[in-house]
Amino acid sequence: MEMFLTVALIILLSGCANFRDLAKEVDMLEQVYVEYQVNIESEHQVESFVLVLLQQVDAETIDGYEVVIGNKQITVTTDALSKYLFTFNDVNHDLRFQVGEAFSITELTGKSNNPKRTITLSKTEGAPPTALIDRPLVNLVDVKISPAKIGEKAQLTEEKFDRETANLGMWKPVTHLLEGNSGVFFLDEFDSNKTPILFIHGMSGTARDFTPLLANIDRRNYQVWVMNYPSGLPLELLANGLNSLIKIIDYRYNVKTLHLVAHSMGGLVAQAYLDLCRNQLGCNDIASFTSISSPFGGVSSAQSGIDYAPVVMPAWRDLAPSSDFVAKLFSSSELHSTTPPHLLIFGYKMSGFLNQESSDGVISLASQLNDKAQQRAVKVYGLNEDHVSILSNDQLIRTLKSFWQESEKAHAER
């Protein structure tokens, strides 16, 4: 279940203790993760730049990487353990560094008081990291900085999927991570002959929210994966984490076809991941994306949280309708050949008395049916359900089954 309430109600129901915990966790988060504003200066004919995070210049593995098309400023989120940023001009778009490609090595301070970096690429100055020469970056990602689980077998009855753990993820997100509750978990034994479906919950949610859907999935043809994460974290950080996790899973298991299904705020995390991986030319395995009751236009109560709460939950900053995160969703102006088809499902049955605008009782229709989201969707489908009951709708599972089959056929023909 997922609730976006006004700040006054949050304070009344949650009490001051949660905000004290959140304040400590925000301080911890700022010590662990650092954001840099990176501007690349280059006049090279090919402007596909790869930014690689390293703990040592001669490291055999990398902490992560991002791809930038064109000379534009981007935000790079790193862990304090990442000490160097290796940037190169990927002339042939193969996500490998070859001798002769212009590069730069920038030392990172691990502090947020000097976040701006201007990088000038050169073919002649300095020596590149020899361990990375002509090696595919996707095979070198080793996310040591995160305790997230990758491909661990799990059951929905486990404590990590309890509502109390979900609340922990909102108010104490770093603790949620450190206690091993986060990651992509397999509810079935991995089977290369079965297509995986990755389910992504929303704020204060868990994979257990999808129980009605999971009970109706044909396990002869599909295997179920779930993403469990602390929903109080910044959504951009979560999208970057999902990007790293899927890269590693793809490499470990040679996944060729994967469906994404996300509820509520999970749809924003999934869409931000798709925007990111498409820029990195790494979405070829994603066969489809289904969002269910997702606030693509943001949530007004998140802005109230920013304005009035004693401590601001990091996720609220990204959920606010005027946030940079919401503005950047669906950022590419044109559909790419690797963009997976998007089924946008919305609910329109109001429940309760807290939210009297046109909505599903939690998320407004205007946000669910954001113009950019509708334009990108191959199908928009509404159900007379509220924000929670929609996951138990019989027509929903029938619609999903049909969409998966159609998407798999199209995916095979790419």
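**View A. Strand S1 in the lining of the second largest pocket.** S1 supplies the largest share of this lining, four residues; strands (E, at least two residues) and helices (H or I, at least four) are DSSP runs numbered from the N terminus. This is a predicted model, where local features need pLDDT of at least 70, side-chain atom pairs count only at pLDDT 80 or more, and totals for chains, interfaces and linings use all residues. Residues are numbered from 1 along each chain as its sequence is written, and side-chain values use heavy atoms, leaving out hydrogens and water.

**View B. An open sheet of eight strands.** Here the order is S8-S9-S11-S10-S12-S13-S14-S15, with mixed pairing; two strands pair if DSSP finds at least two bridges between them. Strand S8 (149-153) and strand S15 (379-383) stand at the edges with a single partner strand each, so one side of each has no neighbour in the sheet.

**View C. Where S14 meets S15.** Strand S14 (residues 342-347) and S15 run parallel, joined by five bridges. Look for Phe346, which stands opposite Gly382 in S15.

**View D. Helix H12 on the sheet.** Helix H12 (residues 394-412) touches S10, S11, S12, strand S13 (286-292), S14 and S15, with contact meaning heavy atoms within 4.5 Å. The direction of H12 makes about 155° with that of S13; axes are lines fitted to C-alpha atoms, for helices over the stretch in contact, and angles run from 0 to 180 degrees between N-to-C directions.

View E. H5 lies across S8, strand S9 (183-186), strand S10 (195-200), strand S11 (222-228) and strand S12 (258-263). With S8, H5 makes an angle of about 60°.
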